[in-house]
Amino acid sequence: MSYRELMNTMNPYLEALQPKLSPADFKKLAAIDNPNVHEFIAKESDLCQPKDIFICSDSAEDIAHVRKQAVAVGEEQAILTIPGHTVHFDGEHDQGRDRQATKYLVPKGITFSKALNQMDRQEGLAEVRGVLRDSMQGKTMIVRFVSLGPRDSVFTILGLQCTDSWYVAHSENLLYRSGYDQFVKAGPKSDFLRVLHSGGKLNGDMVSVDFNKKCIYIDQMDNTIYSVNTQYAGNSVGFKKLAFRLAIRKASSEGWLAEHMLLMGVFGPSGRKTYFAGAFPSACGKTSTAMLPGESILGDDIAYIRDIDSAARAVNVESGIFGIIQDVNPKDDSLIWKSLTNPGEIVFSNILVKDGKPYWLGMGQEVPKDGCNYTGTWYEGKKDETGAEIPAANKNARYAVALKAMENVDPELDNPHGVELGGILYGGRDTKAYVPVQQSFSWDHGIIAYGASLETETTFATIGKEGVPEINMMSIQDFISIPMGKNVQNNLDFGRKLKKQPVVFGVNYFLKEVANGKYVNSPQDKHVWIKWMELRVHKEVGALKTPTGYIPKYEDLKKLFKQVLNKNYTKEDYNKQFTIRVPENLAKIERVQRFYQENVTDTPLEMFGVLYLQRERLMAAKEKYGDYISPENFEKEAEA
Ligand code: SPV
Ligand code: MN
């Protein structure tokens with residue numbers, strides 16, 4: 001486009017932005033023929049007052065510039081020996097998603113379920129825009145365009161983020177598909193999600209200091225997310241959990257599903273591959289399931305699922321992993337370990353660094369007694385302001401890496417039609433009740449008894465007390481932006497319409513022995529469960545019918561333990577793991593019922609019906625076999 005042509009197409013917003021843009025950046029922005037894009041950037045620039053604006057066009061040069069700047073300004077440090085590795089530190093009070101500071105802005109007259117954190121929209125907008133005023137003074141505003149989901153696809157949702165953090169922009173290189181050309185192609189009418197982020201005031205270590213004025217507000221009316229005075233990627237990379245909330249609403253109104261789910265391919269006999277989606281609350285084994293060696297990964301966090309030709313087809317919204325690093329060790333997570341210890345582009349966060357080496361908790365190696373971590377210089381015994389001992393690395397320390405850098409990435413990652421799901425699994429953190437793996441009796445039973453009843457305990461992935469049991473409906477409790485009952489109903493409706501329904505499973509990696517509180521399984525056992533599920537999808541193994549679902553037969557697991565893990569699986573272990581614990585299961589039903597009765601006004605009636613029947617089955621079994629029912633007893637019952 002000639003300069004004259006450019007001037008002719010210029011709208012007042014573009015004009016207002018011109019003084020902040022280099023001629024090259026101006027040209028990049030002008031090539032997007034969508035006044036809403038220009039308007040958003042101009043208004044937010046006017047609010048935040050950056051010294052200049054960088055438009056990232058996703059060219060190799062722009063991507064490299066973002067990566068370089070993150071180090072140049074000091075938000076990341078190139079102090080690790082392995083090429084491509086950098087480290088970023090978040091502030092002491094900014095080490096996880098902040099539930100308290102994350103609020104929905106709701107217009108007057110609308111109320112969400114009581115369980116959701118919300119505030120009046122006008123008040124919220126006034127507050128957050130007030131905090132954002134002049135927040136970028138002296139800094140560059142970086143503008144990023146992404147495609148959520150594969151590009152050029154029915155799944156694609158476009159996203160635009162303005163941020164003053166090169167670290168956030170760099171993380172987006174790794175975690176999302178590029179979207180600049182999609183915006184150019186989409187033209188004037190295209191819709192997009194908007195994110196405005198500022199780290200706010202930073203200290204000399206380039207860490208946000210005004211954590212008391214942290215706001216993470218979601219304005220669904222304008223499809224806009226505001227995030228300020230935080231850098232932790234779960235709060236600042238708007239396309240992660242924040243845009244996810246907006247997507248849940250969009251999905252609900254359009255009849256598809258946006259889920260907190262991994263996507264993976266599982267190999268069955270003769271090289272057959274079956275795709276699974278799996279919902280797990282944060283820190284409940286989602287990434288390590290998705291990364292099981294020998295299987296393939298499409299995603300570890302967020303999936304969009306649509307009914308296409310009467311099958312459930314799914315895509316990964318993202319294209320990288322922002323994974324928990326704690327407990328990643330060569331034995332339990334060999335593939336992640338390999339990429340974390342070899343050259344390649346990785347951003348570590350909130351780990352310990354000593355002599356150019358990264359360390360974290362549970363890495364299977366001794367961690368040094370001093371070094372540099374998210375509290376600055378660290379030494380063993382160092383205490384925080386409350387007197388609590390500071391660990392070497394934060395429990396929620398993470399790594400960001402692009403999926404395409406993984407050797408087990410699935411070739412269908414960018415398929416615009418997604419992959420067809422054979423199975424869906426729900427996994428909580430339930431130390432007492434559910435068996436390690438079971439199959440639901442039907443779509444409705446699975447959605448209600450496993451998905452909507454998913455329970456977990458709070459973990460380090462959110463700020464606050466750990467270990468508090470809570471309902472985490474389909475693992476989206478933190479992100480749900482529609483009435484909760486409606487979400488259950490949407491899931492029920494979605495599956496009922498499909499001719500090819502995915503089989504629904506429940507898993508529980510955290511069951512403990514009643515007697516001594518020890519975990520009944522090792523982390524590797526999940527690999528056996530997923531192989532069993534694969535066989536069940538194709539009806540190639542039988543199962544025992546119990547009150548809570550179909551469970552594996554001992555002989556099938558024995559074979560799989562040998563094949564997959566080269567382990568001898570004993571009957572004793574099987575009995576321990578698959579005993580149906582009636583009192584614990586009754587208590588669980590009780591808790592779930594109470595939660596929905598007290599918090600959710602629009603619970604579908606089926607929910608209580610399915611739970612009632614599960615209770616009846618448990619009571620009948622108790623009558624016959626007692627409180628703790630060893631799986632052998634179910635061999636006499638009808639097999640499935
Ligand atoms: C989670 O906590 O579920 C994550 C990381 O996947 S975050 O980006 O913090 O949401
Ligand atoms: Mn997650």
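What follows is a working chat about selected residues and helix contacts in a predicted model.

Biologist: What should I know about this model before we start?
Modeller: It is predicted: local features need pLDDT of at least 70, side-chain atom pairs count only at pLDDT 80 or more, and totals for chains, interfaces and linings use all residues. Residues are numbered from 1 along each chain as its sequence is written, chains are lettered from A and ligands numbered from 1 in the order in which they are written, and side-chain values use heavy atoms, with hydrogens and water left out.

Biologist: Where does Ser453 sit?
Modeller: Ser453 is in the loop between α13 (443-452) and β26 (455-457). Helices (H or I, at least four residues) and strands (E, at least two) are DSSP runs, numbered from the N terminus.

Biologist: Is that serine buried or exposed?
Modeller: Ser453 is buried, because its relative accessibility is 3%. Buried means under 20% relative accessible area, exposed over 50%, partly exposed in between (1.4 Å probe, protein chains only).

Biologist: What does Ser453 touch?
Modeller: Leaving out residues up to four places away in sequence, Ser453 touches Ile448, Lys588, Val592, Met607 and Leu611. Contact means heavy atoms within 4.5 Å.

Biologist: And what does the side chain of Ser453 reach?
Modeller: The backbone oxygen of Ile448, at 2.7 Å.

Biologist: How far is Ser453 from Phe595?
Modeller: C-alpha to C-alpha, 9.6 Å in space. Along the sequence, Ser453 and Phe595 are 142 residues apart.

Biologist: Let's do helices. How do α13 and α19 cross?
Modeller: Their axes come within 9 Å and cross at roughly 80°, with α19 covering residues 605-625. That angle is why α13 counts as roughly perpendicular to α19.

Biologist: Which residues make that contact?
Modeller: From α13, His445, Ile448, Ala449 and Ala452. From α19, Glu606, Met607, Val610, Leu611, Gln614 and Arg617. By class, the α13 and α19 contact has six nonpolar, two polar and two charged residues.

Biologist: How are the axes and the classes defined?
Modeller: Axes are lines fitted to C-alpha atoms, for helices over the stretch in contact, and angles run from 0 to 180 degrees between N-to-C directions. Angles under 35 degrees count as roughly parallel, over 145 as roughly antiparallel, 65 to 115 as roughly perpendicular and the rest as oblique. Ala, Val, Leu, Ile, Met, Phe, Trp, Tyr, Cys and Pro count as nonpolar, Asp, Glu, Lys and Arg as charged, and the others, Gly among them, as polar.

Biologist: What about α15 and α16, at what angle do they cross?
Modeller: Roughly 120°, with the axes of α15 (residues 525-537) and α16 (residues 554-565) coming within 9 Å. So α15 is oblique to α16.

Biologist: Who meets whom there?
Modeller: Asp525, His527, Val528, Trp529, Lys531, Trp532 and Leu535 of α15 meet Leu557, Leu560, Phe561, Val564 and Leu565 of α16. That contact of α15 with α16 holds nine nonpolar, one polar and two charged residues.

Biologist: Switching to Gln439. Where is it?
Modeller: Gln439 is in strand β25 (residues 437-439). At a relative accessible area of 10%, Gln439 is buried.

Biologist: Which side chain does Gln439 make a polar contact with?
Modeller: The side chain of Arg536, at 2.6 Å. A polar contact is a pair of N or O atoms within 3.5 Å; within protein, one must be able to donate a hydrogen and the other to accept it, and residues adjacent in sequence count only if both atoms are side-chain atoms.

Biologist: What else is Gln439 in contact with?
Modeller: Beyond its neighbours within four places in sequence, its contacts include Tyr450, Val503, Trp532 and Tyr550.

Biologist: Now Leu413, where does that lie?
Modeller: In the loop between β23 (398-402) and β24 (419-428). Leu413 is buried, at 8% relative accessibility. Pro150 is 263 residues away along the chain, yet the C-alpha atoms of Leu413 and Pro150 are separated by 7.8 Å.

Biologist: Which phi does Asp58 have?
Modeller: Near 70°, a positive value in a residue other than glycine. Most residues other than glycine have a negative phi. Asp58 is in the loop between β1 (52-55) and α5 (60-72), and is buried at 17% relative accessible area.

Biologist: And phi of Asp327?
Modeller: Positive, about 70°, although Asp327 is not a glycine. Asp327 is partly exposed, with a relative accessible area of 43%.
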